[in-house]
Amino acid sequence: MKSTDCVHAGKIFDTSTKGMVTPIYPSTAFDYIDTDILAYPRYFNTPNQKAVVEKLCALEHGGDGLVTSSGMSAITTVLFALLQKGDHAVFEKNLYGGTYHAVVNEMERYGINYSFSDASEDSIRSAIKDNTKLIYFETPSNPLINITDIRMVARVANERGIVTVIDNTFASPINQNPLDMGIDVVIHSGTKYLGGHSDLICGAIISNKALVEKFWNTAIHFGGSINAHTCYLLERSLKTLAIRVEKQTQNAMELSDYLVKNSLIKCVNYPGLTSHSGHEIAKNQMKGYGGMLSFEVDLQADETDRFLKNLKVIHSAMSLGGVETIISSPARTSHAKMTAHQRNEVGISDQLLRLSVGIEDAEDLKKDIKQALGAAIQSA
Ligand SMILES: Cc1ncc(COP(=O)(O)O)c(C=O)c1O
């Protein structure tokens, strides 16, 4: 089903040429006479926007959605649509750095209060207040690949009528469908797995019709819409989402098994490993454990630099989810704006490296890591 939806859902059949792919409709001006729809790109209702939303809804099992100009635009649209002055929100503390900064820099000046919790039920329950309107979390989380029990969050929130929002970027809809587990809103940085080729930026919000209408009312003011060409590129990328993510998941499992056996690696964070603290929960809520892992190297700072510089197949870069394997140092990239103290509090050490596993041959990736580790310690 997933692969079929990846290929076919939402596709606009070109009746004039009988061509196989959705045509690109670049218009920003549409005739409004004799039609019920006032089409305009910032109204999120042009043919390419609607086509790609339909595919995403099929993949996430949602009733409606919006594609936005970036993941952050999806996140801020949802937060500001759901929260207002005097409200309180709970954020699970293992957040993407950009989301964390949006929360701590923007919420208070709009009169919105928030608390951070950890992933346990007790911690989430004790963070909830009478005016809590939203619980927001990521699983697997960035960059420690922690697992939160999705059904538990949905249950706790439902008891109090609180809306739940999950950033499902790391799992992708191929490995995890939170709406099926009682979550209200799914967000993606489409820049990552959905786009999958490190060449487009977009975001997605998938939910039910009533909530999406609410998001739409805010989104048209914030203006974070995307153009027809990016929609088309996203639609094209989504056709191979299932096979890409399946291969990435398989490679990540192989690499994790390989890394845990290496004496220069202190620990490996991957939910597919039985030693991972969230393994049982992940087994229950994920179809595959995903293409993201992180590990701590047992190296000095200069050795870690040499390791990174000596990698030949794997590249040091920001971002994730592409077909190529990318390594990054969260302390220097996604979480660089946090103070060392804040990073330590959430467990992000300077030796932590995050791997976004691509679709290359796993053997080549292992060989690359082996030779780069060797070069790092030899030149010491
Ligand atoms: C988990 C997660 N959510 C959201 C974002 C933000 O997405 P974008 O960069 O597309 O705005 C990122 C970016 O790295 C991310 O990793």
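Two residues are said to be in contact here when heavy atoms lie within 4.5 Å. The model is predicted, so to speak of local features takes pLDDT of at least 70 and side-chain atom pairs need pLDDT 80 or more, while totals for chains, interfaces and linings use all residues. Numbering runs from 1 along each chain as its sequence is written, and side-chain values use heavy atoms, with hydrogens and water left out.Setting aside neighbours within four places in sequence, L234 touches V52, V67, L194, G195, L200 and C202. L234 also belongs to the largest nonpolar core, a set of 43 residues in which V67, I135, L234, L238 and L241 have the most contacts. Such a core joins buried Ala, Val, Leu, Ile, Met, Phe, Trp, Tyr and Cys residues through side-chain atoms within 4.5 Å, buried being under 20% relative accessible area (1.4 Å probe, protein chains only). Among the elements that each supply at least two residues of this core are α2 (47-60), β4 (132-138) and α10 (241-260), but α6 gives the most, with six. Helices (H or I, at least four residues) and strands (E, at least two) are DSSP runs. Because domain 1 (2-238) and domain 2 (242-378) both contribute residues, this core lies between them. Another core, of 31 residues, lies apart from it and includes F91, Y100, Y136 and F215.

A cavity is a set of points on a 1 Å grid over the protein atoms alone where a 1.4 Å probe fits but cannot get out, and lining residues have an atom within 4 Å of a point. Its lining includes K93, N142, H335 and I348, and both domains give residues to it, so the cavity lies between them.

Key: 1 Å grid on protein atoms, 1.4 Å probe; cavity = no way out; pocket = protein on both sides within 12 Å on 5 of 7 lines; lining within 4 Å. Domains from an automatic or database assignment. Buried < 20%, exposed > 50% of the residue type's maximum accessible area, 1.4 Å probe, protein only.
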